[in-house]
Protein chains: 2
Amino acid sequence: MSISFEILLESKENAARVGRLRTPHGEIETPVFMPVGTRATVKSVTPEELKDLGVSIILANTYHLYLRPGHEVIAGFDGLHGFMHWDRPILTDSGGFQVFSLAMLRKITDEGVMFQSHIDGSKHLFTPEKAIEIQEALGADIIMCFDECVPYPAAREYVMSSVELTADWARRCRQAQRSDRAGLFGIVQGGMYTDLRAESAERLIEIGFPGYAIGGLSVGEPQDLMNEIASCTLPLLPKELPRYVMGVGKPENLIDLVAMGADMFDCVLPTRNARNGQLFTRRGTVNIKNACYISDHDPVEAGCSCYTCRNYSRSYLRHLYMSKEILSYTLNTIHNIHFFMQLMKDIRTAIADNRLGSLRREIAG
Amino acid sequence: MSISFEILLESKENAARVGRLRTPHGEIETPVFMPVGTRATVKSVTPEELKDLGVSIILANTYHLYLRPGHEVIAGFDGLHGFMHWDRPILTDSGGFQVFSLAMLRKITDEGVMFQSHIDGSKHLFTPEKAIEIQEALGADIIMCFDECVPYPAAREYVMSSVELTADWARRCRQAQRSDRAGLFGIVQGGMYTDLRAESAERLIEIGFPGYAIGGLSVGEPQDLMNEIASCTLPLLPKELPRYVMGVGKPENLIDLVAMGADMFDCVLPTRNARNGQLFTRRGTVNIKNACYISDHDPVEAGCSCYTCRNYSRSYLRHLYMSKEILSYTLNTIHNIHFFMQLMKDIRTAIADNRLGSLRREIAG
């Protein structure tokens, strides 16, 4: 197998664990947060800046890269690593989520999903086989099964048939893999029905994958419900393999899910909020456009060791934001990614020290 | 005097010279190109990236910073250097050009210019005294006299009175200086009339400044006319002092003007064109959005040692540009600034080797 996972430490407080995930492009310490680089770039920062921030793996989006510039173009560079100048691990999603959330006029059949590009309206067919072909061309270290991501709320009957479809597609994805270079993860669906989540997990485990993800969370449901579904589903996934909760989330969500045994996360939150002027701190978010910061000489967060906080005041960051300067996005993104990287480091230490509960209480939310 | 200028080498071919300009924040080798950082940031790059590119001095705009965030805010940081985290020299313009090109409903009197902000329509009065007060608050190393920049074309009579006004304002600027920390440059006006340029130069030299600029060029006139005016005016300026041609320009312009004895330049060309996907090379510009680059594995310019060319293909740069990714602006700007910095280095070497003429023939345009 191309990837391997080792559990280094287990919490005595809860189901949290510290692990090491080996991939063709290097090792990842878990629990890990993966910044999102949708179009083969984590918006507004360079790969060197990401490395300085301690980012060990990024996510890129199959749907977007298939449409532009096209996976064949990227394959010509031996994949995303060569194309985007990033030599650490990459995970690609399958395009499933975007086909359902971004594309127009989609039609779902057993074969796959026919959809129109959100860029130019052109028609495309994504099948499990196609999703694997594209992801293998992109050359990621971890690739994902093509799944149907059901919206929230969704009727039980619909979710039931979707679990069936997702399992069938997962089997086809497994068979479509041409190389075992990348680790292929199965994605558990089942909406907000715990029994359907259990069925979905069982069906995927029957097929057998080197890692499992939980999809269809953080799609608009209340936070309690998300936690309930995650807490019922995570224990059903093989303990010795990495568990990835997709599209999550807020700092408090990360700690809660780690305590339930989750190892991997991705979310646009740190990067998107940065571009909206929302900066994370341990005491809540700073909205940098607020007039109170106009002459504020303090950094975003006192004691923060990121490049932005070491060199720039809230006053300057507010000025850049109000002036719509590009540097605003870069400096804000650096701070927010640093916050998430530091949080994950603190989480890993807290697991070792059996004080994840106390870290959770320090975090607002 | 706060700044001092030393001529290190003189060309045997023409009036070009290599010099060293000492300022409170360090030395500058001339001829020098100053990237434009209008709002206390050179768009899309960090100060560290500018230093890596060999940028020795940047320009910031008085008009913009006065309106937002306000010079008092910046004065609270002991000036622009502290505010924007840049410890090398800064030159601020006087706001004259922007008051005439950007502001609304301006009214010129002997006292100064009443104008409305292009941001919120608020009314403001810029006088020579105010322009110096603002620039001293901004804490630049080189500051500029408040001048009237006449449009092209302009009637002789109007330009004549403008030369008079600019000389009067220059005298008031000199008197308004509270500190000799910054070097104050006079700005020669006179439109496209060589005799009025001569009169303007004479009036300013009577007052006496540690450096002189030529304003009102590159305002829409034909290139031959710009060269004619510059070639008549530059020899009239004191040989032992720095000569700055404002708002210029294209690579070929820089070489031509250096050959006439100019030492300093600023222009938005490298940074603005970068954001429009126009990349400079010795063989002309590359328009990165062209479809021919979709799978092009070559760097923007073969042999270029900039960060962008060392690590990224035209294919990736085209992809970023087409996707409107922020990293596109950063990588393109790095390449274009590198091109201008390398060009100035080559110009300085060519002066020493008496082969500026041959360098001129290598540059397209």
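Visitor: How do you know what share of chain A is buried?
Guide: A residue is called buried if 20 or more other C-beta atoms, placed from the backbone, lie within 10 Å of its own; it is exposed at 12 or fewer, and partly exposed in between. By that count, buried residues make up 56% of the 365 residues in chain A. The model is predicted: local features need pLDDT of at least 70 and side-chain atom pairs count only at pLDDT 80 or more, while totals for chains, interfaces and linings use all residues. Residues are numbered from 1 along each chain as its sequence is written, and chains are lettered from A and ligands numbered from 1 in the order in which they are written.

Visitor: What share of the contacts in chain A joins residues 24 or more positions apart?
Guide: Two residues are in contact if their C-beta atoms, placed from the backbone, lie within 7 Å. Among contacts in chain A with a separation of 6 or more, 67% are between residues 24 or more positions apart.

Visitor: How is chain A divided into domains?
Guide: Domain 1 of chain A covers 4–267 and domain 2 covers 268–365; such bounds come from an automatic or database domain assignment. Their centres, taken over C-alpha atoms, are separated by 26 Å. Domain 1 gives 31 residues to the contact and domain 2 gives 27 residues.

Visitor: Which elements give two or more residues to the side of domain 1 of chain A that touches domain 2 of chain A?
Guide: They are β2 (17–23), β4 (32–35) and α10 (251–259) of chain A. Helices (H or I, at least four residues) and strands (E, at least two) are DSSP runs, numbered from the N terminus. The largest share of that side, 6 residues, comes from α10(A). The residues of this side of domain 1 of chain A divide into 18 nonpolar, 5 polar and 8 charged. Here Ala, Val, Leu, Ile, Met, Phe, Trp, Tyr, Cys and Pro count as nonpolar, Asp, Glu, Lys and Arg as charged, and the others, Gly among them, as polar. In total, the secondary structure of chain A comes to 15 helices and 16 strands.

Visitor: How many bridges join strand β1 of chain A to β2(A)?
Guide: Strands pair if DSSP finds at least two bridges between them. Strand β1 (residues 4–10) of chain A has 6 bridges to β2(A), and the two run antiparallel. For example, A:Phe5 has A:Leu21 in β2(A) as its bridge partner. β1(A) and β2(A) form a hairpin, with 6 residues between them.

Visitor: How are chain A and chain B related?
Guide: A rotation of 180 degrees with 0.0 Å of shift along its axis superposes chain A on chain B, with an RMSD of 0.0 Å. The two copies are thus related as by a two-fold rotation axis. The superposition is by least squares on the C-alpha atoms of residues with pLDDT of at least 70 in both copies. Of the residues of chain A, A:Ile326 comes closest to the rotation axis, with its C-alpha at 3.7 Å.

Visitor: Where is A:Pro31?
Guide: A:Pro31 is in the loop between β3 (26–30) and β4 of chain A. The peptide bond from A:Thr30 to A:Pro31 is cis, with omega near 0 degrees.
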